[in-house]
Amino acid sequence: MAAIPVIIVAVLALVLGIGREDVASQAGPLASPVPSPDLGSGARPPDVVIARADGVEVHIPVDPQRVTAAAFHPINDPSGVALQASGSLHIQQSDRGDRAGPETAALDVGAPAGTAVYAPVDGTIASVSDYLVLGRIEGYEVTIAPSVAASGLVLRLTHLDPPAAADLPSVGDAVRAGVTPLGRVRDFSNVAEQELSHFTSDSGNHVHMELVRTEAGLIP
């Protein structure tokens, strides 16, 4: 009977994609069962890098206790830049489908609608605009020019509602990873089927991030 708890711990570690070293070094889980929306919007995220590419380090944008799942997927944009997981968060891989971009150009981090979203990189706001889905405005999108990146590289975030207790970000604002609020996870459960739902037991609400290269470093 004494061996049963050990087996349970081992199985949980495998499911969450956390190795022996990670379990010992992390203060809390970076992938959890679907949390209750009653937990509020979540705390500021810790300083944890979950993916990187071309010198850009992408930090977890939400409270890890709120994370439901995470997955890479291609975008239909050849200017997408492939991201590589850091190993701090178990990230699934969605099917390519008919999308042309690199398989890991986009990263969806799932969390309940209303969860606070913070800047995932240090940098400067390059654009803020409505996010259109089938001709309808569904929140807004933000692009950030990372401070360490070469000209032309931006991180774009969508599936956002305005922050609960802060102003909407403005072009030219400086942002800090894990410190500057960008918004809240928008509820897309009645808008479209979300790919992330294939890896969760909820509708797959998430913050969407993609790294793209543009000629001038700005999204028109």
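**A buried valine, a pocket and a ring pair**

Valine 207 sits in strand 13. The model described here is predicted. Valine 207 has a relative accessible area of 0%. This value is under 20%, so valine 207 counts as buried. Residues up to four places away in sequence are set aside in the list of its contacts. Valine 207 then touches Pro61, Val62, Leu107, Asp108, Val109, Val117, Leu157, Thr158, Leu160 and Val185. Alanine 111 is 96 residues from valine 207 in sequence. In space, the two C-alpha atoms are 7.6 Å apart.

Strand 13 also takes part in the largest pocket. The volume of this pocket is about 450 Å³. Two or more lining residues come from each of strand 8 (123-133), strand 10 (153-161) and strand 13 (206-213). The lining of the largest pocket holds 22 residues in total. His73, Arg99, Tyr131, His159 and His208 lie nearest the centre of the pocket. By type, the lining has 7 nonpolar, 7 polar and 8 charged residues.

Aromatic rings were examined next. A pair of aromatic rings is described by the distance of the centres and the angle of the planes. The count comes to 1 aromatic pair. The pair consists of tyrosine 131 and phenylalanine 188, with ring centres 6.3 Å apart. The ring planes stand at 45°, so the pair is tilted. Tyrosine 131 belongs to strand 8, whereas phenylalanine 188 lies in the loop between strand 12 (181-185) and strand 13. The two residues are 57 residues apart, and the pair links distant parts of the chain. Phenylalanine 188 is buried, with a relative accessible area of 3%. Tyrosine 131 is also among the residues nearest the centre of the largest pocket.

Note on methods:
Residues are numbered from 1 along each chain as its sequence is written. This is a predicted model: local features need pLDDT of at least 70, side-chain atom pairs count only at pLDDT 80 or more; totals for chains, interfaces and linings use all residues. Side-chain values use heavy atoms; hydrogens and water are left out. On a 1 Å grid over the protein atoms alone, a cavity is a set of points where a 1.4 Å probe fits but cannot get out, and a pocket is an open set with protein on both sides within 12 Å along at least five of seven lines; lining residues have an atom within 4 Å of a point. Grid points are joined across faces, edges and corners, and a volume is the space filled by probe spheres set on the points. Helices (H or I, at least four residues) and strands (E, at least two) are DSSP runs, numbered from the N terminus. Ala, Val, Leu, Ile, Met, Phe, Trp, Tyr, Cys and Pro count as nonpolar, Asp, Glu, Lys and Arg as charged, and the others, Gly among them, as polar. Buried means under 20% relative accessible area, exposed over 50%, partly exposed in between (1.4 Å probe, protein chains only). Contact means heavy atoms within 4.5 Å. Rings of Phe, Tyr and Trp (its six-membered ring) pair if their centres lie within 6.5 Å; planes under 30 degrees apart count as stacked, over 60 as edge-to-face and the rest as tilted.
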